[in-house]
2 protein chains.
Amino acid sequence: MNLTHPYFKWDDLFNLWNSTIGIEREALRIDQDGNLAKTPHSPEWGTRAQQPYIQTDFAEAQVELITPPVVEPKEVLNWLKASHQIVATTNQQHHELLWPFSTPAVIPNPRTDIPVAKLDDPKEREYREYIGKYYGKDVQLLSGIHYNFQINPEVMKRRMPDQDTHIDRHNEVYMHLSRNYYRYRWLLTYLLGASPYVDPTYGTELYGNPHKTVMRSIRQSRYGYNNKEDVKISYDTLESFVEDLEYAVSSKQLSLQKELYRDVRLRGGKEARDLLTKGIQYVEFRNFDIDPFSPYGMSEEMLKLVKVFIITLLFMEDAKADGVRLGDERSREIAEEDPLAPLNYLDEAQMLFDAMKKVAQGIDEQSGQKGELEQVIDGYEAMIHDVTLTPAARVVKEAQNSDGFLHFGLKQARLFQEIYLDKPYLLHGFEGFELSTQDVLKEAMRHGIKIEVLDEAENLVRLSYKDQNEIVKNGNMTRLDSLISYFVMEDKVATKKVLNDVGIHVPQGVNFNNLDQALHHYSQLKDEAIVVKPKNTNYGLGITIFHHKPDQKDYEDAIRFAFKQDTDVIIEEFLEGTELRFYIQNGDIKGIVERQPAQVKGDGQSTIHQLIEEENKHPLRGVQHFAPMTYLEKGEAERLQLAQQGYTFDSVPSKDEIVYLRANSNVSTGGKSIDRTEEVHPEFKAIAIKAANALEANFCGIDLILRDWTMPPSKENPYGIIEANFNPAMWIHRFVGEGTPRYVGYEVLKQLFPEVPFH
Amino acid sequence: MNLTHPYFKWDDLFNLWNSTIGIEREALRIDQDGNLAKTPHSPEWGTRAQQPYIQTDFAEAQVELITPPVVEPKEVLNWLKASHQIVATTNQQHHELLWPFSTPAVIPNPRTDIPVAKLDDPKEREYREYIGKYYGKDVQLLSGIHYNFQINPEVMKRRMPDQDTHIDRHNEVYMHLSRNYYRYRWLLTYLLGASPYVDPTYGTELYGNPHKTVMRSIRQSRYGYNNKEDVKISYDTLESFVEDLEYAVSSKQLSLQKELYRDVRLRGGKEARDLLTKGIQYVEFRNFDIDPFSPYGMSEEMLKLVKVFIITLLFMEDAKADGVRLGDERSREIAEEDPLAPLNYLDEAQMLFDAMKKVAQGIDEQSGQKGELEQVIDGYEAMIHDVTLTPAARVVKEAQNSDGFLHFGLKQARLFQEIYLDKPYLLHGFEGFELSTQDVLKEAMRHGIKIEVLDEAENLVRLSYKDQNEIVKNGNMTRLDSLISYFVMEDKVATKKVLNDVGIHVPQGVNFNNLDQALHHYSQLKDEAIVVKPKNTNYGLGITIFHHKPDQKDYEDAIRFAFKQDTDVIIEEFLEGTELRFYIQNGDIKGIVERQPAQVKGDGQSTIHQLIEEENKHPLRGVQHFAPMTYLEKGEAERLQLAQQGYTFDSVPSKDEIVYLRANSNVSTGGKSIDRTEEVHPEFKAIAIKAANALEANFCGIDLILRDWTMPPSKENPYGIIEANFNPAMWIHRFVGEGTPRYVGYEVLKQLFPEVPFH
């Protein structure tokens, strides 16, 4: 077949592939038995903000998950992963699941028990009530997927540079696409139709109960969303479409323009007539059943198939009005067939696959991919020869009737729920970001704040709400902090000076790069605990701690010992006690954790080796940077630390004995964080806040060493601030090893976006 | 001799050395003939701000340069270097010099021609007029150096922990020091006295004309600042001192307490009585002549000698009231001796030196220095045996009478002026900072803004004015910029996105890490100039520029060529033209420079090698980072660049031919900046400002490539922003290779400190 387009060229394939797509995926919330969820509309996943990702649909128990427009199918899937995770987290609290089919298996009786979405707008409420009466409430429980497609404006501009005729030609490109879509979408009905069963009591006001209990797609049959047959809409030209639609409304066939149920919706204006002057912005293809074999309703392959299908249609001969009628009939026919009925239109299907493969090859080549898309098309091509490979056929194999349907649906729902809830500290689909950024992004999504990735490798994202834009790096580096505050905290010398100046205790130290000078410093020592250490040390080698002023020989030994490790040696006041991390934001404490070094607790039987293996099964432990707690290791540092306690990895500690594997308490080396936010004495909180203020930091992590956090600081309960962090880790508060989690990502957004209605 | 102190211990020497010192150095401004400068008080170097570094003294022609209190003599010298440079820069504009002696060589006749400092305070003016009448105006032309000393409060606190008796004991320590200073300062008069001559018409109202034309120190003789003999002040106790001083004022012997002229002034209260309750804060030793052999009036050795001398006095037996009287007489006697008269009190001098050496050794040892201070003391000890080594003797050797005195003084003044003005782009004494920081510090000093170094290696300084503190890094990284704006500018991908979003042109590019994908990209090329380049390149290897869409073979060759250099290759829109750097602050353009690559201009005779040598003599050229322009090099990159033009270093370019040594225009590789601030078309300025605003940058350097800066941007005059810098270099505008300098350091402070009265 000849693939040409009056405006586009074959070389445009690459740029046409760069067109944006977006998904709106509906789903029913159900309880563990498959009944509609009865929990009310929860605003937590239902904001209707600038870019709502998750919203409640017609029925109260129906959610709609919406992705922003992006180019790559993989990215669409990432958005779906994230929003499914967020919805599932709330569902989990109510013991609810997402029903993985387009058609409901259980419809409440009487139908008045179907909870209607509580909408604020009385007009909208009235419209929905009318629809519920006119078409029946059952239809409102159908869930589908809408696939939005915008032809890359760059290509449009390049190929239609003439301003005067631009809009008309632009609209004609979209009308041509729409007609061809109607003409050939039956192929998608065959390949992707996946709603063979429904609750046996299901029916619609216009078309009654299904005439068969099993068909390829009930949702795409006459028993799906369909207007009365007298609603006639032409797709010949955009003008005729607009006129027909306006007539249908003025003659009361439709109550509103949006009551038109068609598989292609032209988008870009409030009223259809706007499209004539503004131009069609994008098209919404609405004929997709939820795939019960894909956790997110649609797989990456499906997304790719559809995109190639659409681009192919652009290069195919115009189907004209007759083609639209033909296509409508054929799609209905295939939808109402038995799911195991072989394909009737194999030649045309083959022709379409040949065309799609040519297009896929072209895209692969122009983008330098090695047959990636072609493989996907090949995969689907097999289905036209073997109906058992189609999803509808696979469903009837799994579930032989509507009881089996419910059972299979619940099985899939539970399986998917486990997938959605896996690794809750990650934001699914955004695992490439560091943990703090993932937390902030998750909260942004939950609150309808728009997300744009500026540089994933750098954890740099732009968040927007209404007219406000905020760029965020690593979760809490924002406009709220000043550049100089960052440089002061990055500089340990300067940090100490600034804190010291406001009367906060920091360990006093002297730096020596000269052995003689360091040795002579003995006369200057006061009677207090000191640590003598190389400026840089591995595994703590070269460090000596004196709890009282040492005698001169011991001191000199310590100095010489340290100089063996480094050319610079520090003599510093030694602070004894527990290390607390205060997470401060805008002058407030948002979380305090105690940081404990990597450790295991003996059971009197297991070796340290075994205890480590066991502890590493903790759900929060994982690879460094990719989990809130890092796997315990059995390296050199751990071996040395054990040796100091007289242990090896094969030793068996007694019951409840704590064995430390590390001297340092960093989470990155297996350390553990324990929430102490409520327990710490207010005076220590005040000191941490004072430190953050002195550093003029909005976000700040203060590391404080103290003896007893339940008592105020005193001569007997000394303390010292050992570090201030400009980008304090968030996950050590959000996903604590023990204690109450603190929602620090949420707090970031609350301050950044005062206008967002937080909940 | 026995060195002990009732409170201090020998181990305190190290901490006593850590006492702070500060210098107030007066100097007469003179014209090229030695007459008093007639230019009026210039506020540029005369602010009386929180911490005035440079202020006008009694006479209009007299400046006073004041250092902040610091520990190390070297640091004091650094402050003096800086303030001398600033004063000298203004002096240069008026063809003035600083007179390098304590005594004037030329006094205006009649004396009414001596310009009096114009003071705002009428009381102060009145007082000075009275003083001028009572003591004579000549005395007011004497210039000296005051040496402030504060005993390290740490030592005081450690040795006098008892709160109740603390103030009394604290004051007694200072009184003991003062008495001993009076007792033994004659040694300093001998070692440092350096004002043997004065204008022959010089005289004072109280003591008439000098009875000898030459003496060791006229300033420290009876002809210096002296009260009437009936003013009797006891130093027995602080109480008796206060009572005597109050009596002298109430009995009209003195008009005000500050009219008391003594070599030791007790500091810490508005009125002397305040000291009793507040405690003496520090002492001011006033008996120092300006050393005509030291560019800054005092050398580092002198500063060290005096500090050791003071600390030694602390450990010497109390001289008591009798000692004070004896010391006064002896110092006067030595001051009025012939400069070549050998020392009369050799035994006592030897005793003092032995004590000082012991102290110097003690400090050296406790601070781990290898005899550094001891060597200094040894150097001065030689003078007690050989008078010709003393400065007064050296002066009379150079200048045998007051004519010779004028001549020698002018010679030294000119020599010192050259030192002060050397390398004007550096802030003398602060050369360890990078150039931008030096510029900001210089402006801070000029405007009385206090400076505190937080971390020199990091160019981190704290500036203060009244209650306002501002930390500045690298000259223009401040509180005024947000942390996130920094991270966006640091990230080229994000910068491009942000600029592109607001409609600013940035070169469009694609990154490939895969040869095949890069080769296939050919079909996507538009007909425009592109550059194919390895992501990282040395000497520009692997770069190919196409001015039009290349044919496929050339394109593929370029791709393969680039992949030989790096695993990542960028294909980017190529912008042709000139590179301009816009320096933007707070939405305003503060400077624009054209950046030209390293180059030489032929003279028709010299080889490129010779032209490079010649150009490297340019006063702004120096080692990278330490001069506004970097030395031209003759390395591999230059050789390659010349080879591309068919040259070697031995080629002789024709007259006025410009030969480029580099393709890049960085100042760090010999590039040159030419000021274009006034010439660039306003539309380009608007674009640069828009870019800075989009990046939410207060300080921002925008690099823009364009064809013609005199015309607005257009299709024929395209442009592109290639980079945005969060810490734009300041010196390329302040010290331009050609054109008008822009005072960007000054602008930083103007915005940071709105309350400072800038001039």
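In helix 19 of chain A of this predicted model, the buried residues include Tyr555(A), Ala558(A), Ile559(A), Ala562(A) and Phe563(A). Seen down the axis of helix 19 of chain A, the buried residues fall within an arc of 130 degrees, so they line one face of the helix. The cover over these buried residues includes strand 11 (509-512), helix 18 (515-520), strand 12 (530-534), strand 13 (544-546) and strand 14 (569-573) of chain A. As for its length, helix 19 of chain A has 12 residues (residues 552-563), which at 1.5 Å a residue should span 16 Å, and the end C-alpha atoms are 17 Å apart, which agrees.

Elsewhere in chain A, Arg219(A) is placed in the loop between helix 6 (186-192) and helix 7 (238-250). With a relative accessible area of 13%, Arg219(A) is buried, the cut-off for this term being under 20%. The side chain of Arg219(A) reaches two backbone oxygen atoms, one of Arg286(A) and the other of Phe288(A), as the table sets out.

| Side chain | Backbone oxygen reached | Distance |
|---|---|---|
| Arg219(A) | Arg286(A) | 2.7 Å |
| Arg219(A) | Phe288(A) | 3.2 Å |

In chain B, strand 22 (residues 699-706) and strand 23 pair in the antiparallel sense over 6 bridges, and within this pairing Gly701(B) stands opposite Asn725(B) of strand 23 of chain B. Strand 23 (residues 719-725) of chain B is mostly covered, since 5 of its 7 residues are buried.

Notes: Residues numbered from 1 in each chain as written. Chains lettered and ligands numbered in written order. Predicted model: local features only at pLDDT ≥ 70, side-chain atom pairs only at ≥ 80, totals over all residues. Heavy atoms only, no water. Helix = DSSP H or I, 4+ residues; strand = E, 2+ residues; numbered from the N terminus. Buried < 20%, exposed > 50% of the residue type's maximum accessible area, 1.4 Å probe, protein only. Polar contact = N/O pair within 3.5 Å; in protein donor to acceptor, adjacent residues only side chain to side chain. Expected span 1.5 Å × (residues − 1). Arc of directions from axis to C-beta. Contact = heavy atoms within 4.5 Å. Pairing = 2+ DSSP bridges.
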